[in-house]
Amino acid sequence: MKKFWAWGALAIGLLYFILPLMGMTNFSLKMRRGVYSLDAYAVVLGDPRFQETFTYSVVMALFTILFGVLLVVPTAYWVRLKLPALRPYIEFVTLLPLVIPAIVIVFGYIRLYNTSSWLPLTGSITGTNILLMFGYATLALPYMYRAVDTGLRSIDIATLTEAAQSLGAGWTTILFRIILPNVLVAVLSGAFLTFAIVIGEFTMAALLNRPAFGPYMQLLGANRAYEPAALAVIAFAITWGCLGLIQLVSRFQKGTQSPV
Amino acid sequence: MSFLTLSSIQKSFGPVQVVKDFNMSIEKGEFVSFLGPSGCGKTTVLRMIAGFETPSGGAIAIDGKSQMNLRPNQRNIGMVFQAYALFPNMNVAENVAFGLKVAGRPKAEIDARVKEMLGLIKLDHLADRYPYQMSGGQQQRVALARALAPKPQVLLLDEPLSALDAKIRVSLREEIRMIQQQLGITTVFVTHDQEEALSISDRIVVMNAGKADQIGTPAEIYNRPATRFVAGFVGTLNLIEAKVVDPAANRVSIGDQGVTLREPLGTVKAGDMVSLALRPEAGSIAPDAKGDTALSGAVVSTNFLGSVIRTRMKVGDSIISFDMFNSPGLVPPAVGETVTLRFTAGDLLVISD
């Protein structure tokens with residue numbers, strides 16, 4: 001009887017998630033009257049604004065990942081190694097982006113870094129892009145920090161650090177040749193989640209007026225019928241592709257198996 | 001002149017002083033073991049030599065050069081850890097080469113040294129393996145090769161055998177000793193296993209509550225324990241309370257039986273109590289033995305331990321254990337039977353606190 005309810009709950013859950021997806025995908029294929037076609041996808045993919053905004057978001061995602069890795073890996077490593085008592089506080093700080101809405105963060109940025117401020121980042125395109133990257137990194141922080149912290153938990157960083165030190169290695173060598181390669185899968189997991197977040201993010205990009213993929217989706221949704229559905233399917237495929245890649249790279253991690 | 005000198009080393013963690021005025025001089029090429037129970041401070045001393053802990057007081061010098069202001073990566077000290085600590089992302093050859101690469105050695109030199117080290121530990125055929133593909137014993141041998149590759153001044157071994165099974169432990173400790181002698185490297189070995197320390201060391205430091213209770217050769221530590229702690233910690237030992245009868249003649253009584261000791265009793269007077277130590281293997285059953293070097297008592301129990309049979313007898317208020325080598329024809333004494341144990345005057349040691 002218990003199994004019946006378990007399977008029932010699973011079936012309802014799957015229907016809840018899959019039915020809207022099926023409906024949306026079905027709708028996205030009906031641009032041409034009476035037949036299924038990929039016309040909506042062709043229109044979306046052929047739109048120069050799609051290519052422009054998608055490229056912009058991909059580049060921003062790559063910079064955000066790089067910045068996130070350089071910020072989070074040394075921080076999480078140092079906290080675990082030298083400041084373990086601070087871990088709960090650091091975890092709390094990294095969780096804040098989940099409870100503080102993106103709009104609050106971006107208004108804070110605009111207020112702090114506007115053209116009449118001491119650091120007028122919004123006064124130039126490069127400055128605004130940097131500000132947006134910081135915003136994306138903030139939004140991705142809970143995921144990136146957790147992923148890296150979990151990776152660090154799986155290795156004995158204290159002993160590995162001491163072993164490397166006794167062999168003459170300095171902090172940079174330890175971080176980039178010992179620690180980072182051993183948490184690479186965790187870092188990649190965080191990176192793919194960051195990528196998915198950046199690709200779909202709307203609020204920050206819209207309010208900072210940058211040509212990102214999120215505002216483009218919103219714009220398309222407000223003016224077209226079939227194309228937004230096609231775009232949503234594409235965005236969904238990108239997200240799932242990222243999750244699939246996380247699974248894939250996890251399989252190739254070296255050194256996680258138990259000793260013989 | 002000693003090679004590694006530890007002078008009045010102290011270490012406190014908050015209000016707790018874990019190492020108290022530790023002094024030690026180690027000669028070049030010597031193999032010294034720090035032996036003691038958990039929490040006695042032996043690993044802390046080792047970590048201070050390595051530079052992972054900063055002493056609260058005192059000085060550390062290697063070859064006359066102070067190490068106090070040097071970071072761990074500047075000390076040229078090799079270290080082997082209990083948990084192996086091989087880098088999981090590198091194969092065996094890369095692990096062994098790590099220290100040499102960090103030092104910026106030429107590739108040809110690194111390749112030659114890696115080959116030499118893998119030959120030394122007889123694992124040349126596993127150069128491409130990753131740590132997770134190897135057994136614990138193999139990993140620890142690689143860790144040893146990795147620590148030795150950059151030709152360190154001193155090798156530190158922090159309970160390197162503790163995580164291994166008994167058989168591997170014995171063979172690896174012999175291998176470690178052989179390699180150490182072959183290279184002539186000054187080595188400090190931390191262990192809580194007395195058999196390990198006794199079997200491979202030139203000298204042993206028995207540590208208790210943050211200080212060295214006794215420093216000596218394995219034979220000195222085992223045969224002439226300086227303190228009650230050393231006597232109790234190293235080997236099995238009977239601790240017997242005896243009453244001083246005649247201090248001038250070194251004569252004491254155990255229960256109602258008198259014995260004469262070889263070593264002087266020191267500043268005690270008649271009627272004082274002293275602690276005596278007697279190793280179980282020192283005595284033997286001799287029905288006809290009498291006089292100052294024999295004790296009689298009723299057998300309390302006998303235990304079969306394989307190569308020996310350990311018998312416990314009651315003498316006065318003390319229980320004394322003694323061992324008999326097992327042989328097919330040996331009939332151990334029965335419980336309740338009165339037996340006489342014979343020993344030499346030198347076997348009974350006076351123990352100070």
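This report looks at a sheet in chain B and at the aromatic rings of a predicted model.

## A sheet in chain B

Let's start with the strands. Strands of a sheet pair through backbone hydrogen bonds, and they can do so in a parallel or an antiparallel way. In chain B, four strands make an open sheet, and their order across it is β2-β1-β4-β5. The pairing here is antiparallel. At the edges you will find β2 (16-26) and β5 (65-66) of chain B, each of which pairs on one side only.

Now follow β4 of chain B, which covers residues 57-62. Two bridges join β4(B) to β5(B), and the two strands run antiparallel. For B:Ile62, the bridge partner in β5(B) is B:Lys65. Helix α1 of chain B (residues 42-50) packs on this sheet and touches β1 (4-13), β2 and β4 of chain B. The direction of α1(B) makes about 115° with that of β1(B).

## Aromatic rings in chain A

A pair of aromatic rings is described by two things: the distance of the centres and the angle of the planes. Over all chains, the structure holds 18 aromatic pairs. One of them joins A:Phe50 and A:Phe213, with ring centres 5.6 Å apart. Their planes stand at 75°, so this pair is edge-to-face.

What parts of chain A does this pair tie together? A:Phe50 belongs to helix α3 (residues 48-82) and A:Phe213 to helix α11 (residues 213-223), so the pair links parts that are 163 residues apart in sequence. Together with A:Phe54 and A:Tyr216, A:Phe50 and A:Phe213 form one aromatic cluster.

## A stacked pair in chain B

The rings of B:Phe229 and B:Phe233 have centres 5.5 Å apart and planes at 10°, so they are stacked. These residues are four apart in helix α8 (residues 228-233) of chain B, which means about one helical turn separates them.

Is B:Phe233 buried or exposed? With a relative accessible area of 18%, B:Phe233 is buried, because the cut-off for buried is under 20%. B:Phe229, at 22% relative accessibility, counts as partly exposed.

## Charges over rings

Finally, look for charged side chains above rings. The charged end of B:Lys28 sits over the ring of B:Phe3, 4.3 Å from the ring's centre. B:Arg146 lies over the face of B:Phe87, at 4.5 Å from the ring centre.

Note on methods: Residues are numbered from 1 along each chain as its sequence is written. Chains are lettered from A and ligands numbered from 1 in the order in which they are written. This is a predicted model: local features need pLDDT of at least 70, side-chain atom pairs count only at pLDDT 80 or more; totals for chains, interfaces and linings use all residues. Side-chain values use heavy atoms; hydrogens and water are left out. Two strands pair if DSSP finds at least two bridges between them. Contact means heavy atoms within 4.5 Å. Axes are lines fitted to C-alpha atoms, for helices over the stretch in contact, and angles run from 0 to 180 degrees between N-to-C directions. Rings of Phe, Tyr and Trp (its six-membered ring) pair if their centres lie within 6.5 Å; planes under 30 degrees apart count as stacked, over 60 as edge-to-face and the rest as tilted. Buried means under 20% relative accessible area, exposed over 50%, partly exposed in between (1.4 Å probe, protein chains only). A charge sits over a ring if NZ of Lys or CZ of Arg is within 6 Å of the ring centre and within 35 degrees of the ring normal.
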